[in-house]
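Please look over the sequence and the structure shown here before reading the report below.

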Amino acid sequence: MSTESNIDPIRSYLLSPHYSLLVAHNVPFPPRGRNEAIALDSQSGYNKKLPHTTSKRHEDLMDTRKVYIETYGCQMNLADTELLLGLLKPHGYEPTQVAAQADVILLNTCAIREHAEEKVMRRLGNLVRYKAQRPGVLLGLMGCMAQHHREKLLDKAPFLDLVLGPDAYHNLPVLLAQEDKDEPLVAVRLDRDETYADISPVRAEGVRAWVTAMRGCDKFCTFCIVPYVRGRERSVPLDALLEQVRELAAQGYKEVVYLGQTVNAYHDGDCDFSDLLRRTAAIEGIERIRFTSPHPSDMSERVIEAMATCPKVAPYLHLPLQAASNRVLERMERGYTVEQYAALVERLRAAVPGLALSTDIIVGFPGEEEADFRATYDFMAEIRYDSAFMFKYSAREGTKAYKWGETLSEEEKGRRLQEIIALQERISGELNRQTIGQTVEVLVEGPAKRQKGWLAGKSGQFKTVVFPGNSARPGDLVPVLVVSATAHTLVGEARR
Ligand code: 5AD
Ligand code: SF4
C-alpha cells in the first residue's frame with residue numbers, strides 16, 4: 001500500500017480537487033511533455049506501424065511479466081482481449097486477474113454509447129493508483145474508445161502510458177520492449193488489412209470459444225461509431241479460421257461462435273459465410289456453431305440454407321432490428337424496410353424450425369415520433385423475440401446523426417425504453433414457459449451460479465438451463481426436461 005511519504009506527482013494530483021473535475025467534466029490537466037509524445041506521427045495523430053519484432057534485450061531478459069486486461073463492451077472486445085493476451089505471450093507476459101500484481105494494466109474499451117465511455121473514465125481514475133504504488137506499472141487504454149478519442153484522451157487522462165486502437169495491437173510488444181517509457185505512446189492507425197490471422201488467442205477456459213471471423217464494418221448506420229473506430233470490413237481467410245477451429249476442437253471446446261460486426265457479410269475473396277458454416281460443421285468434435293451479429297441485409301439465401309441444413313448450426317439468431325418505422329429506418333440508413341425485415345423473419349422461421357430470435361432496439365433516435373415508437377412496440381409484440389437488447393439512443397460525435405442533435409429528453413427516451421423492456425420481459429417469460437414439458441439438449445458449461453450442486457448450460461436456442469447435477473460434466477450434451485421457466489432461465493431435470 002502506498003503511504004503519504006511515497007506519494008508521487010500522479011498520486012498528489014489524484015488527491016487534488018482537480019482530479020474529480022477531470023473525471024466529471026473533462027477539465028484538461030497540464031500535460032507532461034506530451035506534445036512530442038503523441039508523436040509517432042504527430043501530423044496526422046496516427047502512428048507508423050511498427051515491425052512485429054521483439055528487441056534482443058527483451059528476449060534475453062524474458063522473465064515473466066504480468067498483464068491485467070479489463071474488458072468492456074461486446075464479444076468482439078472479449079475476443080480482442082484474448083487476442084492481445086496471445087500476442088503478448090511469446091514476449092513473456094502472462095495474464096493476471098489481479099490489477100495490483102500487474103506490470104501492464106489495460107482497459108479494453110467500448111465507444112458505442114456515452115455511458116460506456118463514462119464508466120471507463122471512472123475506472124481509469126481508480127486504477128491509476130497502481131502507478132503511484134508501483135513505479136514502472138504501465139496503464140493503457142485500448143479498443144474502440146482509444147480509437148474514438150485518440151490523442152485527446154491524454155488531455156483527459158494525462159497519466160495514460162498507452163493508447164492503442166483496434167488495428168494497432170501488433171505494436172504493443174514493441175512498445176513494451178522500448179527502454180524509454182517516459183512518454184505516452186499512441187498507436188491508432190486503422191489498417192484495412194489487419195485481421196490478426198497470425199495470432200493464437202489465449203482463451204478463457206470453457207466449452208465455448210469465440211472466434212473473430214471478420215473485423216470492421218462498411219454499413220455506416222447513421223447512429224453508429226463502429227465504422228469509424230473499427231475501420232473497414234475485412235475477413236480472416238477461411239483456411240486460417242478452420243485451422244483455429246480444428247485446434248479448438250482438439251483442446252476440447254465444443255461450441256464455436258463466429259464474431260464480426262456484420263458477420264454474415266464474411267467473404268475472404270473466395271468463400272462466403274455459408275461456406276464457413278458448412279466447412280466448420282464438418283469439423284469433428286465441434287458440436288455447435290453460432291455467430292453474432294448478422295446484418296439483415298446480408299442474410300443471403302445461401303446462409304439461410306446452410307443454417308437449415310447443418311444440424312450443428314444452432315437454431316438461434318440475433319438479428320438486429322433497431323426500429324420498426326420505415327421513416328426511422330431510412331434515417332438510420334439501415335438498408336431495409338420493416339416489410340423486408342418481416343419477410344426475412346418469415347423465411348428464416350420457415351427454414352429453421354424452432355428458431356429462437358433476439359434483436360437490438362434503439363429508442364429515441366433523433367426525430368422518432370410517438371407513432372414511430374408505437375410501430376416498434378407493435379412490431380416487437382408481433383414478432384415475439386425470445387430476447388432483446390434495448391438501448392436509449394446515445395449521440396456519438398463523428399456520426400451523421402450526431403449533427404441532427406437530440407429531439408427527445410432523457411426522460412422521454414427512458415419512458416419508451418421502460419415500455420419495451422416490460423413488453424419483452426412478458427414475451428420472454430411466455431415463450432420460455434411454452435417450453436415446459438419439452439426436452440431440450442443442453443451443452444453443460446459448469447456449476448449453476450445460484451443453486452448449489454446444480455449444473456448450468458445453454459440449449460440450442462441459447463437459453464440458459466439449470467438442472468440438479470448428475471454425472472454430467474462440462475462439455476457434455478445432456479437432454480433436459482423443462483419443468484419450470486422464468487423470462488431468463490429454464491429449470492429442468494436431466495433425462496439421463
Ligand atoms: N446509441 C444507442 N445504441 C446504439 N447501438 C449502436 N450505436 C448506438 C447508439 N449511438 C446499439 C445498436 C447495435 C448495438 C450493438 O448497439 O442497437 O446493434
Ligand atoms: Fe454499427 Fe450499423 Fe455497422 Fe452494426 S451494421 S456495426 S449498427 S454501422
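## Surroundings of ligand 1

Ligand 1 is surrounded by Ile 112, Arg 113, Phe 223, Gln 322, Asp 360, Ile 362, Phe 391, Lys 392, Tyr 393, Ser 394 and Arg 396. Sorted by class, this shell holds 5 nonpolar, 2 polar and 4 charged residues.

## Polar contacts and cover

In the predicted model, a polar side-chain atom of Asp 360 lies 2.6 Å from an oxygen atom of ligand 1, and an N or O atom in the side chain of Arg 113 is 3.1 Å from an oxygen atom of the ligand. At Phe 223 the backbone takes part, with a polar atom 3.0 Å from a nitrogen atom of ligand 1.

On its own, ligand 1 has 410 Å² of accessible area, of which the protein covers 87%. Strand E13 (356-363) and strand E14 (387-392) are the elements that give two or more residues to the shell around ligand 1.

## The second largest pocket

The second largest pocket contains about 560 Å³ of space, and its lining is made up of 24 residues, among which Leu 78, Glu 82, Arg 203, Ala 204 and Glu 205 lie nearest the centre. By class, the lining residues comprise 13 nonpolar, 6 polar and 5 charged.

At least two residues of this lining come from each of strand E1 (65-71), helix H5 (75-88) and strand E7 (208-212), and H5 provides the largest share, with 6 residues.

How values were computed
Residues are numbered from 1 along each chain as its sequence is written. Chains are lettered from A and ligands numbered from 1 in the order in which they are written. This is a predicted model: local features need pLDDT of at least 70, side-chain atom pairs count only at pLDDT 80 or more; totals for chains, interfaces and linings use all residues. Side-chain values use heavy atoms; hydrogens and water are left out. On a 1 Å grid over the protein atoms alone, a cavity is a set of points where a 1.4 Å probe fits but cannot get out, and a pocket is an open set with protein on both sides within 12 Å along at least five of seven lines; lining residues have an atom within 4 Å of a point. Grid points are joined across faces, edges and corners, and a volume is the space filled by probe spheres set on the points. Helices (H or I, at least four residues) and strands (E, at least two) are DSSP runs, numbered from the N terminus. Ala, Val, Leu, Ile, Met, Phe, Trp, Tyr, Cys and Pro count as nonpolar, Asp, Glu, Lys and Arg as charged, and the others, Gly among them, as polar. A residue is near a molecule or strand if one of its heavy atoms lies within 4 Å of it. A polar contact is a pair of N or O atoms within 3.5 Å; within protein, one must be able to donate a hydrogen and the other to accept it, and residues adjacent in sequence count only if both atoms are side-chain atoms. Accessible areas come from the Shrake-Rupley method with a 1.4 Å probe; for residues, only the protein chains shown count as cover.
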